Amino acid sequence: MNVNQIRDWVNFELNKHQSGNTLNKEEYNLCLAWANAEYFKIKYGLPEEYRPGMPLPRQAWAVSQKIIDDLRRFLVGKGGKNLPQLTIDINGYADLPDDYIHYSSIRYNGRAVETISNDVLGDRLQSSIVYPDKSYPLCVFYDTYLQFYPKDLGYVDFDYLRMPITPYWDAVIVDDEYVYKPSSSVQLEWPDDTHTDIANLIIKYASENIRDFGMTQLAKQRQNDGQ
Amino acid sequence: MTKAQWIELIKRNLDGGDAPAELRGRNHEREIELYLTMAFDTVLNRKQTQTQEMLADMGKDSWRYDSLTKSFVLDILEDTTRNRYYSTLPVTVMSIINNNGIRMITPTQDEGVAFFPRWQTDTFLMDGLDVNQMVGLIYYTLEGKKLYYSGDIDCHWKQVLAKLVLKFNEFELTDDIVVPDGKELEIVQVTLGLMGAKAPMDIVDDGTAIQTTK
């Protein structure tokens, strides 16, 4: 589905054609962008769903093939088919890619690089057992960069999730009606089978906006049930 | 199984195989290697109750260690301070009763001429005996990772062949580690028990379900 078909569905669900006052261009694009971001957040994992001792939400990155399929278009492989490896300088620093959102894996010569939290870094560097070396490298995330140990790894493969491109519905007004402009619109990157879920999120936002709480409830229930 | 496979097997068991990263355990392979070393020592050194194994233990050689043995050629060096000759063991040897982790020390090309083990506390008794004046009769005494030889060993040899029972962590990752007598399950269970994954098994094969160690 394209962003125009999704808009038609949203208007139909909200019964907007009949009642008038369809979502205007700015409102729809706002909801579209919001739904796009929230859907991404849901798919790679909501920390609010963590339970003590079980940091796993109902949906999370790589938890099932369905999630992998849903998110695969946002999986960037530096060192994979199309991109060079992540470069590490002589001090062990590597810049985080600008579009980095969520870690998937890091490998040095095919071997997994362990990511640790900063609070245990000192223990690991001083450890007589689990100290880092080229067989068992470590890395720690900082604001704009990664710090690797040992420092002289040079290059690593780095797979991560980037944000989906923000979709945009473009239209011009002709005779008081919006006329969709596909050439200047930006489509969703998500697989087609997820578009109904994204449309549902837009319906949820829009119904909240118009205080149609029955519709909001329905949208939430559909979000929980997946249909 | 190779050493790498032993470690990976335990790691996958503890970590949850290919479970999602958030759920997967984070057990370091070096930690697992050390626990496996303890498990190998524990299982292979355990006193056995079966008659057959008791007999095997009573003999000087215990057959169950042969599959964990590797051979090394060691240089014979001189300790001028002590006026003794010695070799340095290249690996840490499994600590087995009567120093049986050192299976055999021989000349490099004549394995029929075995050197005789001697405990440190026996040296003062044995050195004065006439029997030690016989040519070719060489004793060795273990001191840490050094083997000290008795007599004029350098007149005959510059190197010796050492057959050693390695501790698990001394094997190469690609070494095939053959565990004797169906001990794989015990080693895995003891390792998981040591790492807190499961209750230690009933490690005495005495036909009861009571958790006992001996």
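## A tour of chains A and B

Start in chain A. Keep in mind that the model is predicted.

**Stop 1: the two helices as a pair.** Helix H1 of chain A covers residues 3–13, and helix H6 of chain A covers residues 195–209. How do their axes cross? They come within 10 Å, at roughly 45°. An angle between 35 and 65 degrees counts as oblique, so H1(A) and H6(A) are oblique to each other. Turn the view until one helix lies over the other. H1(A) passes H6(A) in a right-handed crossing.

**Stop 2: the core.** Stay in chain A. Select Val10(A), Val156(A), Ile198(A) and Ile202(A). Of the 44 residues in the largest nonpolar core, these four touch the most other members. Next, colour the elements that each supply at least two residues of this core: H1, helix H3 (25–44), strand E4 (100–108), strand E7 (138–141), strand E8 (145–149), strand E9 (155–162) and H6, of chain A. Which element gives the largest share? It is H3(A), with seven residues.

**Stop 3: where the chains touch.** Show both chains. The contact takes eight residues from chain A and nine residues from chain B. What classes of residue are on chain A's side? There are eight nonpolar, no polar and no charged residues there.

**Stop 4: a helix in chain B.** Move to helix H5 of chain B, residues 184–194. Select Glu186(B), Ile187(B), Val188(B), Val190(B) and Thr191(B). Are they buried or exposed? They are buried. Then look just after H5(B): Gly196(B) takes a positive phi of about 80°.

Stop 5: Finish with H1(B) and H2(B). Their axes come within 9 Å and cross at roughly 110°. That makes H1(B) roughly perpendicular to H2(B). Select Trp6(B), Ile7(B), Ile10(B) and Lys11(B) in H1(B). They meet Glu29(B), Ile32(B), Glu33(B) and Leu36(B) in H2(B). This contact divides into five nonpolar, no polar and three charged residues.

Definitions and conventions:
Residues numbered from 1 in each chain as written. Chains lettered and ligands numbered in written order. Predicted model: local features only at pLDDT ≥ 70, side-chain atom pairs only at ≥ 80, totals over all residues. Contact = placed C-beta atoms within 7 Å. Nonpolar A, V, L, I, M, F, W, Y, C, P; charged D, E, K, R; others polar. Axes fitted to C-alpha atoms, helices over the stretch in contact; angles between N-to-C directions. Helix = DSSP H or I, 4+ residues; strand = E, 2+ residues; numbered from the N terminus. Parallel < 35°, antiparallel > 145°, perpendicular 65-115°, else oblique. Left-handed = near helix turned anticlockwise from the far one by under 90°. Core = buried A, V, L, I, M, F, W, Y, C linked by C-beta atoms within 7 Å. Buried ≥ 20, exposed ≤ 12 C-beta atoms within 10 Å, placed from the backbone.
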